[in-house]
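Subject: Structure handover

Hello,

Here is the structure for your files. My notes on what was found in it follow below.

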Amino acid sequence: GNLLEQILTHDQYEKNIPTKQGSQDPVEFAIKLPGRDGKPVYIPIDAKFPKEDYERLLQAQDDGDAGLVEESGKAIEHRIKAEAKKIREKYIDPPHTTDFAILYLPIEGLYAEVLRRPGLLDHLQREYRVTPSGPTTITAILNSLQMGFRTLAVEKQASEVWALLGAVKKEFGTFGDLLDKTHKKIEEAGKNIELAASKSRTISRKLRNVEELPSSKETVVIEKQDADIPFNPVKDDAVVQ
């Protein structure tokens, strides 16, 4: 549990969970691999510690009793085979799990003894689809799985990034079209403003002509014209009335 907590995240494994369909037997730990339709595929991990058999083996080795050493070794072998069989029957259930499970032996010396027994490792893997592991090897396995998880995360993020870039590319194309239309509108507005400025200058020139007061000579001409018109009292009176 400590190794899993140190190497994996909490959402990458489960504790005490049944991995076989219809079974109520929980495996101690199960690593969650990504499966189809978003459902996880579990790697069952069960820890076994045949303490009495191992201590008897250590005592026989200290005493130099070769016969007892061999007897204790065979007892450990028999116990490991029995535990592997239970793991296969209780926890391995493809496709809900991988087609193998890990039997964790928490002492390096015990794991080394299993490897030392002739043909035992091959028998466990072939007959029971169980792989024994010690503290060092389980750490290597977990690190490999963690690298796999990171690779999957990177691939997922990469696909999301590509999707985002595709959307941005589409939106940028739309923005480019809008920018072109806006540019044309600005050009049209500039031309209209230039035309309006030209009209404004023309109007200003005409207004300046209108605002100029008549000169004194023109005033005299007007007065002279008025003096040359004969006075008609009847007509003028009628107009006044």
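Which backbone oxygen lies 2.8 Å from a polar atom of the side chain of Thr19? That of Tyr91. The pair falls under the definition of a polar contact (N or O atoms within 3.5 Å; within protein, one must be able to donate a hydrogen and the other to accept it, and residues adjacent in sequence count only if both atoms are side-chain atoms).

Before the rest, the conditions. This is a predicted model, in which local features need pLDDT of at least 70 and side-chain atom pairs count only at pLDDT 80 or more, while totals for chains, interfaces and linings use all residues. Residues are numbered from 1 along each chain as its sequence is written, and side-chain values use heavy atoms, with hydrogens and water left out.

Thr19 sits in the loop between S1 and S2. Thr19 is buried, at a relative accessible area of 2% (buried means under 20%, exposed over 50%, partly exposed in between; 1.4 Å probe, protein chains only). Apart from neighbours within four places in sequence, Thr19 is in contact (heavy atoms within 4.5 Å) with residues including Val27, Tyr42, Tyr91 and His96.

Overall, the protein has eight helices and five strands (DSSP runs numbered from the N terminus: helices are H or I, at least four residues; strands are E, at least two). From the N terminus, the order of elements is α-β-β-β-α-α-β-α-α-β-α-α-α. Of the 241 residues, 25% are buried. Among contacts between residues at least 6 apart in sequence, 62% join residues at least 24 apart.

The sheet: five strands make an open sheet in the order S1-S2-S3-S4-S5, with mixed pairing (two strands pair if DSSP finds at least two bridges between them). Its edge strands, S1 (13-18) and S5 (130-133), each pair on one side only. From one strand to the next, the twist averages 35 degrees (axes are lines fitted to C-alpha atoms, for helices over the stretch in contact; angles run from 0 to 180 degrees between N-to-C directions). S4 (residues 101-104) pairs with S5 in the parallel sense over four bridges, and Val130 in S5 is the bridge partner of Ala101. Helix H3 (residues 66-91) packs on the sheet and touches S2, S3, S4 and S5; the direction of H3 makes about 145 degrees with that of S4.

H3 also packs against two helices. With H2 (residues 51-63), the angle is about 160 degrees and the axes are 8 Å apart, which means that H2 is roughly antiparallel to H3 (under 35 degrees counts as roughly parallel, over 145 as roughly antiparallel, 65 to 115 as roughly perpendicular, the rest as oblique). The residues making this contact include Leu57 and Ala60 of H2 and Ser72 and Ile76 of H3. With H5 (residues 120-127), the angle is about 15 degrees and the axes are 10 Å apart, so H3 and H5 are roughly parallel. Among the residues in that contact are Ile80 and Ala84 of H3 and Leu120 and Leu124 of H5.

Pro94 and Pro95 are joined by a cis peptide bond, with omega about 5 degrees; Pro95 lies in the loop between H3 and S4. Asn16, in strand S1, is not a glycine but has a positive phi of about 50 degrees, and Asn16 is exposed at 55% relative accessible area. Arg129, in the loop between H5 and S5, has a positive phi near 55 degrees and is partly exposed at 38%.

Regards
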